[in-house]
Amino acid sequence: MRLKTPFGLAVALLGAASAHAGRPPELAGFERGRAVWLGTCQLCHAEPATGAPQLGDAQAWAPRVAQGKAVLYRHALEGFMGPLGDEMPPRGANPDLSDDDVKAAVDYMVQASQTVKP
């Protein structure tokens, strides 16, 4: 993973300093999205201090999912500044990700937020 922005570097350092609480779920049919999440998205989506909705947090994801996949994809691809000043950088600050990679990661995070935990 190459990080070309100061934000990306800061997030990488923050992510490297934090410990992920448990393993991210392995969801059948979402392997590509999980791989992208592990390589890029977890830096924010597994670190509560970033303000990003955390993987598997149904409550945090519900209003985002309600907007529809097209909005989620656009925000993930183009970037988004939330109402509280929280930022979703374009492509998770990883410009090397393809559109399909980003969409697969979004699909994985949405599915993980909707999967019933044992």
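Predicted model: local features only at pLDDT ≥ 70, side-chain atom pairs only at ≥ 80, totals over all residues.
1. At 57% relative accessibility, glutamate 26 counts as exposed (buried means under 20% relative accessible area, exposed over 50%, partly exposed in between, with a 1.4 Å probe and protein chains only). Its salt-bridge partner is arginine 34, with the closest N and O atoms 3.9 Å apart (a salt bridge being a side-chain nitrogen of Lys or Arg within 4 Å of a carboxyl oxygen of Asp or Glu). Arginine 34, in contrast, is buried, at a relative accessible area of 15%.

2. Residues are numbered from 1 along each chain as its sequence is written, and side-chain values use heavy atoms, with hydrogens and water left out.

3. The protein chain has five helices and two strands, where helices (H or I, at least four residues) and strands (E, at least two) are DSSP runs numbered from the N terminus. The order of elements from the N terminus is α-α-α-α-β-β-α. Of the 118 residues in the protein chain, 39% are buried.

4. Five salt bridges are found in a search of the whole structure. Arginine 91 pairs with aspartate 99, the closest N and O atoms lying 2.5 Å apart. Both residues are partly exposed: arginine 91 has a relative accessible area of 22%, and aspartate 99 one of 38%. Elsewhere, salt bridges with shared partners join Arg23, Glu26 and Arg34 into one network.

5. Another salt bridge is formed by the side chains of lysine 69 and aspartate 107, at 3.0 Å from N to O. This pair links distant parts of the chain, since lysine 69 belongs to helix 4 (residues 69–78) and aspartate 107 to helix 5, 38 residues apart. Lysine 69 is partly exposed, at 38% relative accessibility.

6. Which helices does the aromatic pair connect? The count of aromatic pairs is one, under the rule that rings of Phe, Tyr and Trp (its six-membered ring) pair if their centres lie within 6.5 Å, with planes under 30 degrees apart counted as stacked, over 60 as edge-to-face and the rest as tilted. The ring centres of tryptophan 37 and tyrosine 108 are 6.4 Å apart and their planes stand at 55°, so the pair is tilted. Tryptophan 37 lies in helix 2 (residues 31–45) and tyrosine 108 in helix 5 (residues 99–114), so the pair ties together parts 71 residues apart in sequence. Tryptophan 37 is buried, with a relative accessible area of 0%, and tyrosine 108 is buried, also with a value of 0%.

7. The charged end of lysine 103 sits over the ring of tyrosine 73, 5.5 Å from its centre; the criterion is NZ of Lys or CZ of Arg within 6 Å of the ring centre and within 35 degrees of the ring normal.

8. Helix 3 (residues 58–66) packs with helix 5 at an angle of about 125°, their axes being 9 Å apart. Axes are lines fitted to C-alpha atoms, for helices over the stretch in contact, and angles run from 0 to 180 degrees between N-to-C directions. Helix 3 and helix 5 are therefore oblique to each other (angles under 35 degrees count as roughly parallel, over 145 as roughly antiparallel, 65 to 115 as roughly perpendicular and the rest as oblique).

9. The axes of helix 4 and helix 5 come within 10 Å and cross at roughly 125°.
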